[in-house]
Amino acid sequence: MLIPGDLYLNRVSRRVSTLPLNPHRVLIARAHELRKRGVRVYDYTAGQPGLPPSTEALEYFMEMVREDPFKHFRYMPTQGLVELREALSEDLKRYGGVDVSPDQILITTGGAEALLISILALLDEGDTILLLDPSYSVYWDLAIFAKLRVETCTQSFEREFNPDPECIKEKLNRARAVLFASPDNPTSRVISSDVAKTIVEVAYERNAWIIYDVAYKHLVYEGDHIWLERIAPSLDNIVVVGSFSKDIAIPGGRLGYIYGPRDITGDLVKLKAVMGIVSPVPMQWLAYYYLKEGFKEKYLREVLPVYRSRRDASYEAFKRLLPEARLHKPKAGMYLFPDVTPYLERLKMSDLDFALKLAESKGVVMLPGSIFGSAGRGYLRITFVTMSEHELEEGFKLLRGFLEENKVL
Ligand SMILES: Cc1ncc(COP(=O)(O)O)c(C=O)c1O
């Protein structure tokens, strides 16, 4: 029997029509438009590494490709290049003292796909996920996409953006999983070891999942990355989501990974096969050369001091030029996350309106904190790694000029 066409009133599925357009993408598109119109744009939006990938690594990679192009572009098994998984296993041992066997690792198309796979593999529709607020805007979208209930714990300025352990105890008790990042986006905080211990204790007691996003784990300027795997009694309830976008600076290469308990690897791989067979093969080889030939370590040695001094310069300049803003000096990551509420109140503007008007009038593009959750309202997310110290300050001066012209400073 023919199905009448008018049964299909919507041209797209509810799955996609109910997915909100993330303002993050709108602002990034706005920066591109302004640039095309010839405006000098100070773009603080992207979570983009500030320096190009290692020339040495790229040259080595290209030579290898020239020697054997077939090998670098053929299909390979879904779980990912075994040489890369072995090198990553060694890398985890070396940097974190963590024992993860290569067969517990799945190579993904970016940390973004690793997040999607872990959520779809571990949670069912209607399950509750605990998110920290504010947090990476994609987490909220993923929760909508996977039809999850969301509980939140606030990460407040007063606690240097760590959640209250009492809130974790209460909310994780009712959730099937908690998802959070350390170092964090947008706040740049490193999770405190007390909070990390609480999360592990509650999750293991309740048999809940911890999805731990470590996309920025190598970008730590003071203190150390928290290896949750070492705090936990086992890997049984932890799934770690990683990325090659930030540390070896190949975000467009789209490469990331997941590792977790051995008994779920097969399920993760099954899902990955449905989502796109295998992650970009040439990029898997490139990441392998980075790890195996020592290019990663060398690259990080060169890049981290540059990021650190950009962090220092941008922090000092922002404090000086916008004295009423509340701002922590980030110990890690890529972002300043100032609270500019006093200015917004006098302007009678939301952070989103402010970001749009600032982009239009000054070509200064920053992300409004509310994109990252309601607790981010009144804040701005400012990438400090992508511009020179001078440019970072020039953009802040324009921001100050905007406030002066509007008579709020
Ligand atoms: C916290 C966090 N996790 C994951 C990602 C995803 O990165 P990618 O998909 O490029 O690996 C990002 C990107 O900015 C991020 O900020």
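## Basis

The model is predicted: local features need pLDDT of at least 70, side-chain atom pairs count only at pLDDT 80 or more, and totals for chains, interfaces and linings use all residues. Residues are numbered from 1 along each chain as its sequence is written.

## Overall fold

The protein holds 16 helices and twelve strands. These are DSSP runs, numbered from the N terminus: helices are H or I with at least four residues, strands are E with at least two.

The radius of gyration is 22 Å, which agrees with the value near 22 Å for a compact globule of 409 residues. It is taken over C-alpha atoms, and the globule rule is 2.2 Å times the number of residues to the power 0.38. Along its principal axes the C-alpha trace spans about 60 × 55 × 55 Å.

Buried residues make up 44% of the 409. Buried means that 20 or more other C-beta atoms, placed from the backbone, lie within 10 Å of the residue's own. Of the contacts with a separation of 6 or more, 74% join residues 24 or more positions apart. A contact needs C-beta atoms, placed from the backbone, within 7 Å.

## The seven-stranded sheet

Seven strands form an open, mixed sheet in the order β2-β8-β7-β6-β5-β3-β4. β2 (105-108) and β4 (149-154) stand at the edges with a single partner strand each, so one side of each has no neighbour in the sheet. The twist averages 20° from one strand to the next. Two strands pair if DSSP finds at least two bridges between them.

β7 (residues 238-243) and β8 (residues 256-259) run antiparallel, joined by four bridges. V241 stands opposite I258 in β8.

Helix α8 (residues 165-172) lies across β3 (128-133), β4 and β5 (177-181), at about 165° to β4. Axes are lines fitted to C-alpha atoms, for helices over the stretch in contact; angles run from 0 to 180 degrees between N-to-C directions.

## The ligand shell

The ligand is surrounded by 13 residues; the closest are G110, G111, A112, S243 and S245. The cut-off is a C-beta atom, placed from the backbone, within 6 Å. Helix α6 (residues 110-122) gives the most, with three residues.

The shell divides into five nonpolar, seven polar and one charged. Gly counts as polar here, Ala as nonpolar.

## The three-stranded sheet

Three strands form an open antiparallel sheet in the order β9-β12-β11. β9 (335-336) and β11 (367-368) are its edge strands, each pairing on one side only. Two bridges link β9 to β12 (residues 380-383). L336 has I382 in β12 as its bridge partner.

Terms used: Contact = placed C-beta atoms within 7 Å. Buried ≥ 20, exposed ≤ 12 C-beta atoms within 10 Å, placed from the backbone.
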